[in-house]
Amino acid sequence: MAISSTDISNRIVEAVLAQKLAPGSRLGEQELALLFDCSRTIVREALTRLAARGIVTVSARRGWYLIEPSQDEAREAFEARRVIETGLIRQSAGGVRKEALKRLKQHLQLEKAALRQDDIGKRSYLLGDFHVCLADCLGNSLLADTLRDYTARTTLIAMRYQSTHDAEQSCEDHVRIVEALARGDIAEAEALMAEHIGTVQAALSVSAAPDPLARLREALAPVRTGGAPPAAEGAASASAQLLRTTPSKAARRRSAASDPAPSSDDSSTYLGKLL
């Protein structure tokens, strides 16, 4: 069966969630067409769809690339997720269906298995997909699709800025949220979700992003031409001081001639004067 543009866009999002594609990765039309054995038109449709969803960007010169979220975009994406996910839980006050709880618990088992296997790609995908699964289980497939996009964007943010975040802790947070839903404690589940998203956001070291132009900036700094650099000036000053305080060779010879010959007791003192 021929592949569709939707299939291609879904595969790209899955690769992002699994942290297999880094922020700023180039998505060449020709390469994707060869990979999926389809026309460039279908690839272009998939990339255009992803651009509309805020996951891909296009440049007339550079082509298609995954987004590289800024600090403001990181903050906005997490705020959007917090509003959507806590709101979804709040609206489930009537209770969560047994089938939905069963599906969520199965998802948690998959997360735990990926953690035991130390499969980073699968683990990352499942931890992000939990939020999509939760929205779907709470009966809102439209918001589930929206959350998939936001989760992909926050995954790209985490790959760029995140220092260290404990995946096991994320899984434990998910377990506690599902347990609260199973008890019918909607307020607790909502609070746990807000805390969980806040914890992930707090783990991002956005202020520590390196300056990509640091080395070039240093190399191309203006050269001082108005005088000797501070280090050289200091060295010149020290040399002048040394010349002022060090006696000439002739003076040392005159001093040695006028001093009496040293005895064995004061030879070290005499050598000290000559040196």
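In this predicted model, Arg62 lies over the face of Tyr65, at 4.0 Å from the ring centre. Aromatic pairs are absent: a search of the whole structure finds 0 of them.

Two strands come next. Strand S1 covers residues 56–59, and strand S2 covers residues 63–66. The two strands pair in the antiparallel sense, over 4 bridges. Ser59 has Gly63 in S2 as its bridge partner. S1 and S2 form a hairpin, with 3 residues between them.

Two helices were also examined. Two packed helices are described by the angle between their axes and the distance between the axes. Helix H5 spans residues 98–117, and helix H6 spans residues 120–137. Their axes come within 9 Å and cross at roughly 175 degrees. Angles over 145 degrees count as roughly antiparallel, and H5 and H6 are therefore roughly antiparallel to each other.

The contact of H5 with H6 involves residues that divide into 12 nonpolar, 2 polar and 6 charged. On the H5 side, the residues include Leu104, His107, Leu108, Glu111 and Leu115. On the H6 side, Arg123, Leu126, Leu127, Phe130 and Leu134 are among them.

Technical notes: Residues numbered from 1 in each chain as written. Predicted model: local features only at pLDDT ≥ 70, side-chain atom pairs only at ≥ 80, totals over all residues. Heavy atoms only, no water. Axes fitted to C-alpha atoms, helices over the stretch in contact; angles between N-to-C directions. Parallel < 35°, antiparallel > 145°, perpendicular 65-115°, else oblique. Contact = heavy atoms within 4.5 Å. Nonpolar A, V, L, I, M, F, W, Y, C, P; charged D, E, K, R; others polar. Phe/Tyr/Trp six-rings, centres within 6.5 Å; stacked < 30°, edge-to-face > 60°. Lys NZ or Arg CZ within 6 Å of the ring centre and 35° of its normal. Pairing = 2+ DSSP bridges.
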